[in-house]
Amino acid sequence: MEAASPVDVVRTHYEAIRRHDRAALMATLTEDVDWQAVGPTTMPLGGSYRGHAEAQRFFSTVSRACEVLEFTVDRMVPDGDTVIVFGHEHFRVRATGRSWSTDWIQVHTVRGGAICRFREYTDTAAIVAAFA
């Protein structure tokens, strides 16, 4: 059987997010995944997360703190073991009732059929304002 391409791995990752299937989501990540939501320290969802336990903490924080109103993948651009994904989101912060809507770029690196590195680049000022 042929190994899944990096795009297939990333597509499976987003499908698990869409289904709210945390086990399937975690199965798309390597045990030593290097996950980073790039942003200032004032952004509650920002920071670096290393390994499954910390990645799990990131996803738990997002689901507790936010209501996902829209999360859409617009385009995937493969480059070897890296997949650059363009999309947009609209989230509401549960504690404040404020929301943000922004475009983002997410960069996934795939190793051995799983995501080993993730970086997200987005409008962090909009996210910080929604939490304020």
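I took two strands as paired if DSSP finds at least two bridges between them. Helices (H or I, at least four residues) and strands (E, at least two) are DSSP runs, which I numbered from the N terminus.

**Entry 1. Ground rules**

I worked on a predicted model, in which local features need pLDDT of at least 70 and side-chain atom pairs count only at pLDDT 80 or more, while totals for chains, interfaces and linings use all residues. Residues are numbered from 1 along each chain as its sequence is written, and side-chain values use heavy atoms, with hydrogens and water left out.

**Entry 2. The sheet**

I looked up the strand order and found an open sheet of six strands, E2-E1-E6-E5-E4-E3, with mixed pairing. Strand E2 (47–50) and strand E3 (66–79) are the edge strands; each has a single partner strand, so one side of each lacks a neighbour in the sheet. From one strand to the next, the twist averages 15°. For this and later angles, axes are lines fitted to C-alpha atoms, for helices over the stretch in contact, and angles run from 0 to 180 degrees between N-to-C directions.

**Entry 3. Two hairpins**

E3 and E4 run antiparallel and are joined by 12 bridges. Pro78 stands opposite Val83 in E4. The hairpin of E3 and E4 has two residues between the strands, and Gly80 takes a positive phi near 65° there.

Strand E4 (residues 82–93) and strand E5 (residues 99–111) are also antiparallel, with 11 bridges joining them. Within this pair, Thr82 stands opposite Thr109 in E5, and Glu89 has Thr102 of E5 as its bridge partner. Five residues lie between the strands in the hairpin of E4 and E5, where Gly97 takes a positive phi near 80°.

**Entry 4. Thr102**

Is Thr102 buried or exposed? I use buried for under 20% relative accessible area, exposed for over 50%, and partly exposed for values in between (1.4 Å probe, protein chains only). Thr102, in strand E5, is buried, with a relative accessible area of 10%. Contact means heavy atoms within 4.5 Å. Leaving aside neighbours within four places in sequence, Thr102 is in contact with Gly87, His88, Glu89, Thr122 and Asp123.

**Entry 5. Helices on the sheet**

Which strands does helix H1 lie across? I found that helix H1 (residues 6–19) lies across strand E1 (29–37), E3, E4, E5 and strand E6 (114–122), and runs at about 140° to E5. Helix H4 (residues 124–131) lies across E3, E4, E5 and E6, at about 125° to E5.

In H4, the buried residues are Thr124, Ile127 and Ala130. They lie on the same side of H4 because they cover an arc of only 125° around the axis, the arc being that of the directions from the helix axis to the C-beta atoms. An α-helix has 3.6 residues a turn, so residues three or four places apart point the same way. The cover over the buried residues of H4 includes E4, E5 and E6.

Ala130 counts as buried at 2% relative accessibility. Not counting residues up to four places away in sequence, Ala130 touches Val93, Thr96, Arg98, Ser99 and Trp100. Ala130 and Arg98 are 32 residues apart in sequence, yet 4.9 Å apart in space, C-alpha to C-alpha.

**Entry 6. The core**

A nonpolar core is a set of buried Ala, Val, Leu, Ile, Met, Phe, Trp, Tyr and Cys residues joined through side-chain atoms within 4.5 Å. The largest one has 30 residues, and those with the most contacts inside it are Val10, Leu29, Trp35, Phe58, Phe59 and Trp100. At least two residues of this core come from each of H1, H2, E1, helix H3 (51–65), E4, E5, E6 and H4. H1 gives the largest share, five residues.

I listed the contacts of Phe59, leaving aside neighbours within four places in sequence: His13, Arg22, Leu25, Met26, Leu29 and Trp35.

**Entry 7. Thr28**

Thr28 sits in the loop between helix H2 (22–27) and E1. Thr28 is buried, at a relative accessible area of 5%. With residues up to four places away in sequence not counted, Thr28 touches Val9, Thr12, His13, Ala114 and Ile115.

**Entry 8. Cysteines**

How many disulfides does a search of the whole structure find? I record zero, a disulfide being a pair of cysteine sulfur atoms within 2.5 Å. Cys66 counts as buried at 2% relative accessibility, and Cys116 is buried with a relative accessible area of 13%.
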